Amino acid sequence: MKTIKLLVVAIAFIGFTSCDDDNDMQLVDTTSEKISNLHAPQQGGTDQMGNQSPISGDFSKFDFATGLTTTSATEWDIAFRGTTIIINGGISFGATDEPIRTGESAVYIASGTLASVTGVDVDLLIQDSITGYAILTGSNNGWYTYAGAPTHLIAPTPGKILVIKTRNGRYAKIEILSYYKNAPSNPDAFVDEDNYYTFNYVYQPNEGVTEF
Amino acid sequence: MARRITLILFICFFGGFLSYSQEIQAVVKDSTKVNQLDEVIISATRTVRQLSSLPLPAQIVSKREIKSINAIRLNDILNEQTGLTTVSDFGGGEGIQLQGLDSQYTLILVDGVPLVGRSAGTLDLSRITVGNIKQIEIVKGASSSLYGSEALGGVINIITNTPKTGFKGKLNYRIGTFNTHDIGASLSYKKEKLGINTFINRYSSDGYDLIKTDNLNTVDSFSNYTITTKVNYQFSKDTDLFVSGRYYTQNQDYNASSTLKGESDIKEWNTHIKLRHKYNKKWSSYFEFYATRYKANEYLDNTDDTRFSEDFFNQLLVRPEIRATYNPTDKSSFIGGIGFNHETLDRTDFIAKPEFNSPYIYAQYDGNPSEKLNIIIGARFDSHNEYKSQFSPKVAVCYEINDKISLKSSIGYGFKAPDFRQLYFDFTNATIGYTILGYNAVSSVIPALDVLGQISSIIVPISEFNNELKPENSIGINIGADYEATSTLTFNINAFRNNINDLIDTRVIANKTNGQNVFSYYNVNKVYTEGLEVNAKLRLNNQLKISGGYQLLFTKDEGAERAFENGEVFARLTPSSPSFQLKKEDYFGLYNRSRHMANMKVFYIVSKWNLDTNIRGTYRSKYGLFDTNANNYLDKYDNFVSGYVIIDFAINKSFNKKYALGFGVDNLLDFTDSQNISNIAGRILYGKLNIKF
């Protein structure tokens, strides 16, 4: 009985998909949201005295379909820990507490404003791999610029838009705005708490559609 | 706003002086014309040369000016010259910026031979006392055709005193704010064939602290000594020998944090021997030998007296040179030379004890094909064991249109050899964990780090480091005019452009497993500096001298210009607002460059009271020290260091020509910017005593 139900659903779904192809189906609108204070703490790393210890701790996962953080093992698209951002696609780099990737997420960093990135260049999409994350770590390699002494601020590099393929073939683009709690307009690395992501994103919920 | 007010104050202040001077002019109009001796300059051509007909942009700072402003170190006086500003580097050294070029591109000479010891590229000008200086010569524009490496932006030559007939002695002492003492004594003896000149200086200070909230001083207390001796011996009318020695030593506290304390020590010696022989009216030759060593050691101890770190830097330069001058007629002269530079450096964090060997040859023609035309043509060839040989030509022309106006133009090639650090550095920051590698160190150190498991990914393949790192080089063009409006009023104007290629910069070549990067040096940038310099000088009746200078400057990185043009650069209005695209005109230019710099000086002598007084002001417009909005470029949305005005005042009175008392205030307005400018200490009051015998 259960199998039949599933079959019906599957057929209906395939039917819908083919309708989609025929453009008979109305596309769902994109969603534009702002996420504030996504907390992505980490244990270890380089402390204020410069001592280094192994980085650990769970990644904070985010799901574009719901627009919420999640603890699900599979239903996530990107995940944050400290300044590191990983995606639900590719192979583990082998870091401590790294979640298992089950989806087909991929990402690249485009130059522009959130509005000016209007499409996805699928050829540029890459996944996490053994040699490194798709979003490179380190100042100016990926999404942020570290100012160094004396301010020690971590600022999202202006004009860097993360273009993301979600775990199930949808697309999203995000612009990170702040790494500090409550996105202060004048952050102070010694006062404001870090590991708090604030970002704007646009999610294209229609599978395979590469325009925003 | 405050900035604008200080600027207005500055203008009003000096405007007042100007109008005052005009009144004086009206009064003294009918007095006898003052004849001024034409100044001579050595550095521009390596021959004694009249300044006025020189086709190169050059300035001379006289002993008289140095004395009347009571300067003690070289940075005090260079800071006040048009188009020059002193900038401090992260190592604390204070170097000179000339025509918008960094301090590492200006060669600093003492009596024609270079000082060494640029641990981070900057030659610290406060190392040099001005107590025994006869004049300072500043030649702008690429001068590698005579001097080789480093003379890319220009040359500053410090000419020290020569003994005068008889036995003379001088004592001077200056005491000032921050418990600063400068004591100097000089003895000079000359009789017939022998002349000896000895000078001793001690300079010490408690230093100062601009940021009171931390436990560190901005400048820690220090004391240093300079001892120089010069001997001239004339064997005959045609043969003379010059021997000089200089020794400098400094000890300074070195406090890196509340728990790390230590000392830094500098020891430097120079020895310079020159034998001149004149064969006949036309031919002369010089045999010159120069050697110098610069040693710096520093250490930091933990609170329990265990050693935290120790650094050393030990550089040696030896240079023999032979040169000859040939003057076939009154109207033309040739100079040619051949020499050899031998340089070694032993330094902490180096992969080797490198040795540079570089033979060189140069020649120059300086002549007047017609009465109104002067031409200088010169070239130099430097061979080198570590990088590509360099050929540096230069041409300069001066044309006298009439008695009042002469046009000057020059074009020259300049280069700066990669320094030891850019080739051999192997340094890993102990606290943060990043690594900097010299170009020649990459191929051995990266594989070694990889074996240790410290490399996570290589970004620039090692094979890219198989070629040699190229010297930074430039073409400098200067076009200007001198205008003698009246016998008392002169103007000069000079437009310049320096195109620099193969600028050496750092880039990330690999990522480390600790999340940090490995950096190395590479030739990449093309930058240019261009601008205009204007000077005006008014002398009245030998009593009043007013001078003003202004430099307009644009400095750009061509790569950055392109990035802005292509719309690749973005910014945010606040650190957490959405980014927007920047336009071409939003690019400000290179760091630490001010678009406008100006100075104004008034010197006044009251002969009947044996009194001289002066007031000087310098203005520097806003500049950016580093990128503050995370896009890695200096654009108009960055935070800038505000423009500022420094006003200095001095008054001196002499008694019986033997004693002189002086008093002065440097930085009258007590300007400081504790966040951005570490080398401006605030208001300094001082008193001075000179005794001659």
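Student: With which residue does Arg572(B) form a salt bridge?
Tutor: This is a predicted model, in which local features need pLDDT of at least 70 and side-chain atom pairs count only at pLDDT 80 or more, while totals for chains, interfaces and linings use all residues, and side-chain values rest on heavy atoms, with hydrogens and water left out. Residues are numbered from 1 along each chain as its sequence is written, with chains lettered from A and ligands numbered from 1 in the order in which they are written. A salt bridge asks for a side-chain nitrogen of Lys or Arg within 4 Å of a carboxyl oxygen of Asp or Glu. For Arg572(B), the closest N and O atoms are 3.1 Å apart, and the partner is Glu175(A).

Student: Which strands of chain B each supply at least two residues of the side that touches chain A?
Tutor: Strands here are DSSP runs of at least two residues, numbered from the N terminus. On chain B, those that meet the condition are strand E25 (455-458), strand E30 (570-572) and strand E31 (579-581).

Student: How many residues of that side of chain B are polar?
Tutor: The side of chain B that touches chain A has seven nonpolar residues and one charged residue. The rest of the division, by residue class, is polar, and the count is 16.

Student: Which three residues supply 28% of the area that chain B buries against chain A?
Tutor: The contact (heavy atoms within 4.5 Å) takes 27 residues from chain A and 24 from chain B. Between them the chains bury about 1900 Å² (accessible area lost to a 1.4 Å probe on being put together, summed over both), with 52% of it on carbon and sulfur atoms. Supplying more of chain B's share than any other three residues are Phe570(B), Arg572(B) and Ser576(B).

Student: How many residues apart in sequence are the parts that Glu104(A) and Lys165(A) tie together?
Tutor: Over all chains the count is 36 salt bridges, and one of them pairs Glu104(A) with Lys165(A), their closest N and O atoms being 3.2 Å apart. Glu104(A) lies in the loop between strand E7 (84-87) and strand E8 (106-111) of chain A, whereas Lys165(A) lies in strand E11 (residues 160-165) of chain A, so the separation of the parts tied together is 61 residues.

Conventions: Buried area is the accessible area (1.4 Å probe) that two parts lose on being put together, summed over both. Helices (H or I, at least four residues) and strands (E, at least two) are DSSP runs, numbered from the N terminus. Ala, Val, Leu, Ile, Met, Phe, Trp, Tyr, Cys and Pro count as nonpolar, Asp, Glu, Lys and Arg as charged, and the others, Gly among them, as polar.
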